[in-house]
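Please look over the sequence and the structure shown here before reading on. The briefing that follows goes through selected sites, grouped by topic.

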Amino acid sequence: MLSPIKVAIADDHKIFRSGVINTLTPYENINVVFEAEDGEHLLQIMQEQQPDVILMDLKMPKMDGIQATIKVKEKYPQVKVIILTMYEDDNFIVHLVENGANAYLLKNSEPEEIYEAICTTFEKGFYFNENVNLALLKKVLHKNKQQFKPTFKNEVQLTDRELEVLKLICNEFTTQEISEQIFLSPRTVEGLRQKLLEKLNVKNTVGLVLYAFRNGLIE
């Protein structure tokens with residue numbers, strides 16, 4: 001039996017934290033390992049133990065969720081961060097994703113979606129909600145394409161195989177699924193993914209997706 005996904009919750013409202021814990025309790029593959037009142041409290045606890053996934057509020061005292069996400073990603077890049085907030089704002093979404101957030105959910109999301117986001121983010125590295133995240137992300141990236149600072153140089157050349165893997169990653173295929181799809185070993189697929197990260201100068205899967213959007217590789 002696989003070990004449960006270790007989840008932490010950072011939110012300054014105890015009632016909300018308790019509500020989230022109650023909704024996740026029925027799922028045997030989820031284990032809420034700790035809760036934090038703000039970003040500063042979260043980082044203190046993480047010195048002793050690291051979760052697999054963090055459910056992160058944005059507006060918190062002492063250290064908000066934006067600062068906390070950046071610090072978590074700097075120190076613990078393997079930890080997945082799901083933003084769980086009331087702020088349905090294009091600028092927040094793009095800024096958080098560019099700084100390493102693996103998903104962005106609204107607090108009025110259904111419990112089933114929060115559960116799905118945790119599992120998908122843990123397994124695949126990101127989760128984009130069709131109704132909010134992906135739609136808003138696409139809208140903002142296309143609308144403001146000229147306003148973004150040029151992060152990637154035009155001379156970056158991808159091989160056909162790298163491009164194929166990139167598109168499959170953007171379509172939420174796991175390493176194993178990509179392996180079966182293009183008849184390569186999982187190790188080779190992971191090597192191609194690592195090469196994409198290096199070539200495009202991005203830190204994670206979300207960065208790969210952003211690159212693909214900005215360069216019109218996926219719609």
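**The annotated aspartate and its surroundings**

Asp57 is found in the loop between strand E3 and helix H3 (65-75), where helices (H or I, at least four residues) and strands (E, at least two) are DSSP runs, numbered from the N terminus. This is a predicted model, in which local features need pLDDT of at least 70 and side-chain atom pairs count only at pLDDT 80 or more, while totals for chains, interfaces and linings use all residues. Residues are numbered from 1 along each chain as its sequence is written, and side-chain values use heavy atoms, with hydrogens and water left out.

**Asp57**
- The unreviewed UniProt entry annotates Asp57 as "modified residue: 4-aspartylphosphate"; such annotations may be inferred rather than shown by experiment, and UniProt positions are given in the numbering used here, with feature names shortened.
- Asp57 counts as buried at 4% relative accessibility, where buried means under 20% relative accessible area, exposed over 50%, and partly exposed in between (1.4 Å probe, protein chains only).
- Leaving aside neighbours within four places in sequence, Asp57 is in contact (heavy atoms within 4.5 Å) with Ala10, Asp11, Asp12, Gly65, Leu84, Thr85 and Lys107.

**Thr85**
- Thr85, which lies in strand E4, is buried, with a relative accessible area of 0%.
- Not counting residues up to four places away in sequence, Thr85 touches Asp57, Leu58, Tyr104, Leu105, Leu106 and Lys107.
- The side chain of Thr85 also reaches the backbone nitrogen of Tyr87 at 3.0 Å.

**Helix H1**
- In helix H1 (residues 14-24), the residues Arg17, Val20 and Leu24 are buried; seen down the helix axis, the buried residues of H1 fall within an arc of 65°, so they line one face of the helix, the arc being that of the directions from the helix axis to the C-beta atoms.
- An α-helix has 3.6 residues a turn, so residues three or four places apart point the same way.
- The buried residues of H1 pack against strand E1 (5-10), strand E2 (30-36), strand E3 (53-56), strand E4 (80-85) and helix H5 (111-124), whereas the face turned away from the buried side carries the exposed residues Lys14, Ile15 and Asn22.

- Cys119 counts as buried at 18% relative accessibility, and Cys170 is buried with a relative accessible area of 11%.
- The count of disulfides (a pair of cysteine sulfur atoms within 2.5 Å) comes to 0.
- Leu210, found in helix H10 (residues 205-214), is buried, with a relative accessible area of 7%.
- Leu210 and Val94 are 116 residues apart in sequence and 9.4 Å apart in space, C-alpha to C-alpha.

Conventions:
A polar contact is a pair of N or O atoms within 3.5 Å; within protein, one must be able to donate a hydrogen and the other to accept it, and residues adjacent in sequence count only if both atoms are side-chain atoms.
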